[in-house]
Amino acid sequence: MFLKNVLEGFRCGHLAIVGRPNVGKSTLLNRLIGQKISIVSRKAQTTRHRITGVLTRPGQQFIFVDTPGFQTKHKNALNRIMNRGVTQALNDVDVILLVIEAGRFTEEDKRVLSLMPEDKKVLLVINKIDRLADKRRLLPFIAEVSKAFAFAEIVPVSAASGSGGDALIDAAGRYLPESAPLFAEDDLTDRSERFLAAEFLREKLFRRLGEELPYGMTVEIERFETEGALRRINAAIIVDRPAHKAIVIGKGGEQLKAIASDARRDLESLFDGKVFLEVWVKVKGGWADDERALKSLGYE
C-alpha cells in the first residue's frame, strides 16, 4: 500500500533531444542530468548513437534520448543508420525537445522540424543564448520561429552555462505521462560501461584529430574486464586507410599515447576507479559505408 501511495501521480516518460548537427544536443543532455555521459566536440556528427540519460526528481522521471544530428548532406551507410535512429526516436518517445541555436533558424533546422510527428508535444529549445551578442534580438527571434510550428513551449537556454536548464525541466515535466519510474533513482543511463569507454575514447579522437580525420574513425572495445574498482580495457581504433593509421599513431607513437591518456583520465573519473587502457589502431577500408561492418561495430 505504501508503494502504491508513493507512485500515485508519478510521471515518467521518454524525451528525444533532436536537431541538426552541432546545435549542442549532447552538452544539453549532460547538463540536464548533471553528469557527462554523451561525448562532445566542436565537430558536427560527434554523436553517432542514441544515448539515454536519466534524471529522477520527486514525482518525476525524465528519460532523455540524445540523438545524432539529422544529416541532410552526407548519404553513406553510417549517416543513413544515424538518420534512421533519429526518425525512430521521434516515434518512440512521449515528448520531443527540438534544439536550435539562438539567432539561427536554418534550412536544415526546418528540415528537422518537418519530421515532427503530429501526435507529439514538441518543445523548442533555443540554445546558446550566451553567444547572442545583442540580447535584444532574442524576443524577435522567438516571435519569428514561433510562427513555424505549434510548439508546446519555447525555452531559451545555455547548455554550456546551465542557464535556463531548470525552466526547461519544469516545462518538459508538464507533458510527461503518468507512469511508474522505469529506472532506479540513482541510474543515469542504460548504456553499459563498455559502450561508454568506446565513446569517451572516440571523443578524444575527435578533439585531437578532428581537423585531419573528422569522420573516418570509430572505436571497438575488444576486452573489458572489471576487478573490483579496477577496469582493464583493450580498445581498437578503426580507420579507413593506412595513411590514417599513421596520423592517429603520430610521430614515435606520441599522438596515440596522448589520446589514450586523455581517455583514461576521463574514464577513471566516470567509473571512480583505476583504469588500465590499452589502445591500438586497425585499418578497415570502407567501414563507414558497409552496413554489415557497421552492425558488428554496434551501429544499428
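Predicted model: local features only at pLDDT ≥ 70, side-chain atom pairs only at ≥ 80, totals over all residues.
Ile233 is found in strand 8, which covers residues 230–239. If we leave aside the neighbours within four places in sequence, Ile233 is in contact with Ala197, Ile221, Arg223, Phe224, Leu267, Phe271, Val275, Phe276, Leu277 and Glu278. As for Glu222, eleven residues separate it from Ile233 in sequence, while the distance in space is 7.7 Å, C-alpha to C-alpha.

Six strands form an open sheet in the order 2-3-1-4-5-6, and their pairing is mixed. Strand 2 (51–57) and strand 6 (153–156) stand at the edges with a single partner strand each, so one side of each has no neighbour in the sheet. On average, and ignoring direction, neighbouring strands of this sheet are turned by 25° against each other.

Within the sheet, strand 1, residues 11–18, pairs with strand 3, residues 60–66, in the parallel sense over seven bridges, and here Ile17 stands opposite Asp66 in strand 3.

Two helices complete what I want to show. Helix 5, residues 138–145, packs on the sheet and touches strand 4 (95–101), strand 5 (121–127) and strand 6, its direction making about 150° with that of strand 5. Helix 6, residues 165–173, also packs on the sheet, where it touches strand 1, strand 2, strand 3, strand 4, strand 5 and strand 6, and its direction makes about 105° with that of strand 3.

How values were computed
Residues numbered from 1 in each chain as written. Heavy atoms only, no water. Pairing = 2+ DSSP bridges. Helix = DSSP H or I, 4+ residues; strand = E, 2+ residues; numbered from the N terminus. Axes fitted to C-alpha atoms, helices over the stretch in contact; angles between N-to-C directions. Contact = heavy atoms within 4.5 Å.
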